[in-house]
Amino acid sequence: RVVDGRGRDVAVPRQSRVIPDAGKNPHWNEQFDFEGLEKPGSYTLKLTVLDKDSLFGLGGEIADWLVAEDRLGSATVDLGILKKTHNFQDMELVIDDGWFVDSKISIGLNTRGGWGN
């Protein structure tokens, strides 16, 4: 989700595909474009990571529908910190601050040289 200072969506929220049985370190390698943002440098990108479960490990849409996803964690990125460049700006974000090990997600953001610091 991309939100303004009041927490209101300024773009249509996006969702990645589900990767079944991906293990401890899944790789999505997906790209989402948020075009036409009025003031991108004043917005925040909000990421939420969910674990898709099914009832008793059963397959199928009905089993998936019966069990809610587990929220693994979340992170935010102030888009105002991005540089005005055509290069991807790689980040590693902590989505859950664990007792012994943090859960992290790696992302790359790109302004396509159209805005940024």
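## A first look at this chain

From the N terminus on, the elements of the chain run β-β-α-β-β-β. That makes 1 helix and 5 strands, where helices (H or I, at least four residues) and strands (E, at least two) are DSSP runs, numbered from the N terminus. This is a predicted model, in which local features need pLDDT of at least 70 and side-chain atom pairs count only at pLDDT 80 or more, while totals for chains, interfaces and linings use all residues. Residues are numbered from 1 along each chain as its sequence is written, and side-chain values use heavy atoms, with hydrogens and water left out.

How confident is the predictor? The average pLDDT of the chain (the predictor's confidence in each residue, from 0 to 100) is 84, and 85% of the residues score at least 70. Confidence is highest in strand E1 (residues 2-3), at a mean of 96, and lowest in helix H1 (residues 61-66), at 54.

### The strands and how they pair

Let us begin with the sheet. Two strands pair if DSSP finds at least two bridges between them. By that rule, 3 strands form an open sheet in the order E1-E2-E3, and the pairing is antiparallel. E1 and strand E3 (70-78) are the edge strands, each pairing on one side only. Between E1 and strand E2 (residues 44-51) there are 2 bridges, and these two strands run antiparallel. Valine 2 has leucine 45 in E2 as its bridge partner. As background, side chains in a regular strand alternate between the two faces of the sheet.

Strands E4 and E5 also pair, in the antiparallel sense and over 7 bridges. They form a hairpin with 6 residues between them. Within this pairing, glutamate 92 stands opposite serine 106 in E5.

### Salt bridges

Now to the charged side chains. A salt bridge here is a side-chain nitrogen of Lys or Arg within 4 Å of a carboxyl oxygen of Asp or Glu. The count comes to 6 salt bridges, and the table shows three of them.

| Salt bridge | Closest N and O atoms |
|---|---|
| Arginine 1 and aspartate 9 | 2.8 Å |
| Glutamate 30 and arginine 17 | 2.9 Å |
| Arginine 112 and aspartate 33 | 2.8 Å |

How open to the surroundings are these residues? Buried means under 20% relative accessible area, exposed over 50%, and partly exposed in between (1.4 Å probe, protein chains only). Arginine 1 counts as partly exposed because its relative accessibility is 37%, and aspartate 9 is partly exposed too, with a relative accessible area of 41%.

The pair of glutamate 30 and arginine 17 is joined by a salt bridge. Both residues lie in the loop between E1 and E2, so the pair ties together parts that are 13 residues apart in sequence. Glutamate 30 is partly exposed at 31% relative accessibility, and arginine 17 is partly exposed at 45%.

Arginine 112 forms its salt bridge with aspartate 33. Arginine 112 lies in the segment after strand E5 (103-109) and aspartate 33 in the loop between E1 and E2, so this pair ties together parts that are 79 residues apart in sequence. Arginine 112 is partly exposed at 44% relative accessibility, as is aspartate 33 at 33%. Asp33, Glu35 and Arg112 are linked in a network of salt bridges.

### The surface and the chain as a whole

Which residues make a nonpolar surface patch? Trp99, Phe100 and Val101 do, with a patch of about 550 Å². Patches are made of residues with over 30% relative accessible area and no salt bridge; like charges are joined within 9 Å, and nonpolar side chains (Val, Leu, Ile, Met, Phe, Trp, Tyr) within 5 Å. Phenylalanine 100 sits in the loop between strand E4 (89-96) and E5, and counts as exposed because its relative accessibility is 83%.

Accessible areas come from the Shrake-Rupley method with a 1.4 Å probe; for residues, only the protein chains shown count as cover. Of the 117 residues of the chain, 23% count as buried.

Contact means heavy atoms within 4.5 Å. Among the contacts in the chain with a separation of 6 or more, 46% are between residues 24 or more positions apart.

Finally, look at glycine 114, placed in the segment after E5. Glycine 114 is exposed, with a relative accessible area of 55%.
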